Amino acid sequence: MGSLDRTQALDRFLAGIERRAFRMAHIATGNKDEALDLVQDAMLKLAHKYGERAEEEWGPLFHCILQSRIRDWYRRERVRNRLREFFRSPHDEEEGEDPLGQIADSTAVAPDEDVQRKRACAELDVALRALPLRQQQAFLLRIWEELDVAQTAQAMGCSQGSVKTHLFRALQVLRTRLGAHWP
């Protein structure tokens with residue numbers, strides 16, 4: 001495959017995975033700007049380090065890079081939050097809107113099927129954000145990205161048995177939380 005053909009194939013791959021990867025990162029971080037940075041960083045690393053690999057390897061490699069970036073982000077956030085708590089004065093008050101106030105009320109009767117579907121998706125989004133990181137990763141990679149167990153294990157950097165355990169636990173939690181809201 002020529003250099004131009006490989007570049008075009010990589011561009012097509014990245015364009016095809018961009019929205020789903022952004023959604024995964026946004027669910028993990030809860031911040032659009034952070035999610036965009038993580039996805040762009042993962043894309044750049046894939047193109048720079050692994051662009052010459054076979055096309056069928058790009059998917060698992062990209063997800064491995066992205067999940068690694070998300071784990072790194074979680075670690076940095078934990079440290080930042082500890083520092084914020086340490087330096088926060090007891091007189092400081094949190095300003096701004098309550099994030100829970102932004103969540104759509106899923107108990108209201110929807111007048112139309114479209115509204116009901118949007119609310120169910122909002123509930124799924126909230127439930128996914130509440131999952132522990134490893135369960136979130138297993139669910140998104142296996143169910144959403146439709147990677148097989150081996151590819152998911154490679155992307156998450158763990159054993160196939162761990163992937164199955166994390167996915168099982170994630171599904172249990174999601175079924176419990178979404179039972180009344182999911183159509």
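In this predicted model, Glu57 counts as partly exposed, with a relative accessibility of 32%. Its salt-bridge partner is Arg53, and the closest N and O atoms of the two side chains are 3.1 Å apart. Arg53 is likewise described as partly exposed, at a relative accessible area of 37%. This pair is one of 7 salt bridges that a search of the whole structure finds.

Another of these contacts spans a much longer stretch of sequence. Arg20 and Glu145 form a salt bridge whose closest N and O atoms are 3.1 Å apart. Because Arg20 belongs to helix H1 and Glu145 to the loop between H5 and helix H6 (149-156), the contact ties together parts that are 125 residues apart in sequence. The two partners can be set side by side in terms of accessibility. Arg20 is partly exposed, with a relative accessible area of 33%, whereas Glu145 counts as buried at 11% relative accessibility; the cut-off for buried is under 20%.

A further salt bridge lies within a single helix. Asp125 is paired with Arg129, and their closest N and O atoms are 3.2 Å apart. Both residues lie in helix H4, and because they are 4 residues apart, about one helical turn separates them. Asp125 counts as buried, at 14% relative accessibility, while Arg129 counts as partly exposed, at 28%. Salt bridges that share partners extend this arrangement, joining Arg23, Asp125 and Arg129 into one network.

Arg23 and Asp125 are among the residues that line the second largest pocket, which has a volume of about 160 Å³. The rest of its lining consists of Ile27, Cys121, Leu124, Leu128, Phe139, Leu140 and Trp144. Which elements supply at least two residues of this lining? They are H1, helix H4 (113-130) and H5. H4 gives the most, with 4 residues. Sorted by class, the lining of the second largest pocket has 7 nonpolar and 2 charged residues, and no polar ones. Because Asp and Arg count as charged, Arg23 and Asp125 belong to the charged class in this lining.

How many cavities of 30 Å³ or more does a search of the whole structure find? The search finds 1 such cavity, and about 30 Å³ of space lies in the largest cavity. Its lining is made up of Met24, Ala28, Gln67, Ile70, Leu133, Gln136, Gln137 and Leu140. The elements that give two or more residues to this lining are H1, H3 and helix H5 (133-144). H5 gives the most here, with 4 residues. By class, the lining of the largest cavity has 5 nonpolar and 3 polar residues, and no charged ones. Leu140 is listed both in the lining of this cavity and in that of the second largest pocket.

A pair of aromatic rings is described by the distance of the centres and the angle of the planes. The model contains 3 aromatic pairs. In one of them, Phe13 and Trp58 are tilted, with 5.8 Å from centre to centre and 55 degrees between the planes. Phe13 lies in helix H1 (residues 3-29) and Trp58 in helix H3 (residues 55-87), so this pair ties together parts that are 45 residues apart in sequence. Trp58 counts as buried, at 1% relative accessibility.

Phe13 also pairs with Phe62, in an edge-to-face arrangement with 6.4 Å between the centres and 80 degrees between the planes. Phe62 is in helix H3 and Phe13 in helix H1, so here the parts tied together are 49 residues apart in sequence. Phe62 counts as buried, at 0% relative accessibility. Phe13, Trp58 and Phe62 together form one aromatic cluster.

Methods. Residues numbered from 1 in each chain as written. Predicted model: local features only at pLDDT ≥ 70, side-chain atom pairs only at ≥ 80, totals over all residues. Heavy atoms only, no water. Phe/Tyr/Trp six-rings, centres within 6.5 Å; stacked < 30°, edge-to-face > 60°. Buried < 20%, exposed > 50% of the residue type's maximum accessible area, 1.4 Å probe, protein only. 1 Å grid on protein atoms, 1.4 Å probe; cavity = no way out; pocket = protein on both sides within 12 Å on 5 of 7 lines; lining within 4 Å. Points joined across faces, edges and corners; volume = space filled by probe spheres on them. Salt bridge = Lys/Arg side-chain N within 4 Å of Asp/Glu carboxyl O.
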